[in-house]
Amino acid sequence: MKFPDGFLWGAASAAYQTEGAFREDGKGENIWDVFCRKPGAIRNNDSGNVACCSYQMYERDVRMLKQLGVHAYRFSVSWSRILPEGTGPVNERGLAFYDKLIDLLLANGITPYVTLYHWDLPQALQNQGGWLCRKTADAFAEYAAILAKHFDGRVQNYITLNEPQCFIGLGYGSGIHAPGLTLPIEYQLLCMHHTLLAHGMACRALRSESSGSVRIGVASTGNLCYPAKDTPQRRDAACSATFALREDDWSFTHNWFLDAAVFGRYPESAPEPLAAFAARVPLSDWEVICQPMDFLGINAYNGHEVDEKGRYLPRFIGSPRTAMKWPVTPQVMRYGCLWLYERYKLPLYITENGQSCNDRIFLDGAVHDADRIDFLHRYLLELEQAIQEGVPILGYFHWSLMDNFEWHSGYGERMGLFYTDFHSQRLISKDSAVWYTNLIRQNGIMA
Ligand code: NOJ
C-alpha cells in the first residue's frame, strides 16, 4: 500500500468532546452543556464538562500528535468560548486558548485544520430558535470573520460545518442530540437551509477577512452505497442509490446539503415535501449559499451493499461490527470517494474515519487494539484504490486522536488512537497509534 507523495496524514477531534473547562475563562453556555444536564439524555448522564481536559492539557495533546508524526490536526473552535452570547462582545481569553494551541502546533510543524462548528451552538442563540432562525447564519458569519481576522497568516485551512446532516437530523429530527427537538420535516428543512446560508456567508467572511489565501471546505456525511459485484451497471446502481432521496432519510444524504452548496440548487427529483420546499427558495439565497470551495471533507464510517437495482442487501449473519455495532464496510472508502468526486469534482479529504473498540489496559500495561488496526488497514487499502482510479484524495484524518465524549453515548465508546484514562487524564498510546505512526513514516505499508 503506497500513497502519493505529499499525502496528508492527520488526526481529528472536536471542542466539546475533548476540551472540558465548560465554564472557564468566560466561556458561555452551549447547547451541549444544557442538553447533558437533562436526565437520561446521555448514557450514564455523562457530560463534556471535564472530558479530556484538553483546555488545560493542550500541550499534552500536541506531544501526542508529534509522537504520532501526523502532518495535520483537525480540531474545532468552541463558538461560545469566543462569543459567549453567540454574537456581540468577544471573549479574548477564549481566543488566547486557541492562539496557544495553534502556535504550538505550528512550532511543531503540524498544520491546523480548523472546524468552525462542530455542533456546540451557543445557548443564547438556541434561546432565539437556533438553526430554526435565519439570524443564526448572520451570527455564524460574524464568528467566522472574527476567527479569520484573528488567525490570519496562521490558519490556512477551514472547515465551516461538521456534518450538518447529523446536527440537524439528530438535533432537530430524532432529538437524540442537542438541542433535543423532534420537529416536523418542514422545520428540519428550514434548519438545514439556514446551515447552508451560514456556510455560504462564512465562506465569504473567511475569504474577505484573510489577507492571504485560505482553503475552505465542509465536512459532510451521509449514505454511501457500494456494489456487491463490480460491474459498470452495478456501479451506476450503487452511485444512484447513494444519492437517492427518501422522505424518511433525506437528511442523512450528502447531496441535499452538497448539491446546494456546490451547484446552487437542491437535488432534482426529490419527493414531497422536499421538492415543494426547494421550489420556494429565492434566487438571492442561492447567491449566498453557493460559494467556491477548495475541497470536500468526507466523514466516512460505513455504508450499504446494494444489488443491481440499487436495493440494500441484508447484512449477512455475523457480519463484522464495531463495539458501537456500526457495520465494518471498508468499500465505502473506495466507492464513496468515487461517487462524490464524480458528482462534485472537488478534491477530497477524509476528514473522519475510525472505529469504536472495547479498549482496555491489558495486564502488560499496554492497550492492544488489533480490531482498530485491522479496520484501518482495510479502509486505507480501499482508499488507495480510489486514488488509483484517479480521485484526488489529499489526506486522511483519523477519528479520533484520543478517546473522548461520544455525544449521546457519553464515555461509553472509545475511538481514539490514544487511550484516555479519565481518572488521571493520562493518554496511553494504543497499538494502533504505533501502527499509524509507521504507516505515516512510510507513507503506506511496505510489503
Ligand atoms: C461524527 C462526528 O463528527 C464526531 O463528532 C463523532 O464523534 C464521530 N462521528 C463518531 O461518532
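The second largest pocket is lined by Tyr226, Glu305, Leu313, Pro314, Arg315, Phe316, Ser319, Pro320, Pro327, Val328, Thr329 and Gln331. Its volume is about 210 Å³. The model is predicted: local features need pLDDT of at least 70, side-chain atom pairs count only at pLDDT 80 or more, and totals for chains, interfaces and linings use all residues. Residues are numbered from 1 along each chain as its sequence is written, and side-chain values use heavy atoms, with hydrogens and water left out.

**Terms for spaces**
- On a 1 Å grid over the protein atoms alone, a cavity is a set of points where a 1.4 Å probe fits but cannot get out.
- A pocket is an open set with protein on both sides within 12 Å along at least five of seven lines, and lining residues have an atom within 4 Å of a point.
- A volume is the space filled by probe spheres set on the points, which are joined across faces, edges and corners.

**Pockets**
- The lining of the second largest pocket has 7 nonpolar, 3 polar and 2 charged residues. Here Ala, Val, Leu, Ile, Met, Phe, Trp, Tyr, Cys and Pro count as nonpolar, Asp, Glu, Lys and Arg as charged, and the others, Gly among them, as polar.
- The largest pocket holds about 780 Å³ of space. It has 36 lining residues, and Glu163, Cys166, Leu170, Phe252 and Trp326 are the closest to its centre.
- That lining divides into 14 nonpolar, 16 polar and 6 charged residues.

**Ligand**
- The ligand sits in the largest pocket (more than half of its atoms lie within 2 Å of the pocket's grid points).
- Around the ligand are 13 residues (each with a heavy atom within 4 Å of it). The closest are Gln17, His118, Asn162, Glu352 and Glu406.
- Polar contacts are pairs of N or O atoms within 3.5 Å. An oxygen atom of the ligand lies 2.5 Å from a side-chain N or O atom of Glu406.
- For Asn162, the distance from a side-chain N or O atom to a ligand oxygen is 2.8 Å. A polar side-chain atom of His118 is 2.8 Å from an oxygen atom of the ligand.
- The ligand taken alone exposes 300 Å², and the protein buries 96% of that (areas by the Shrake-Rupley method with a 1.4 Å probe).

**Cavities**
- The whole structure has 3 cavities of 30 Å³ or more.
- The largest cavity contains about 90 Å³ of space. Among its 14 lining residues, Thr18, Glu19, Tyr73, Phe75 and Leu101 are the closest to its centre.
- The second largest cavity contains about 50 Å³.

Notes:
A polar contact is a pair of N or O atoms within 3.5 Å; within protein, one must be able to donate a hydrogen and the other to accept it, and residues adjacent in sequence count only if both atoms are side-chain atoms.
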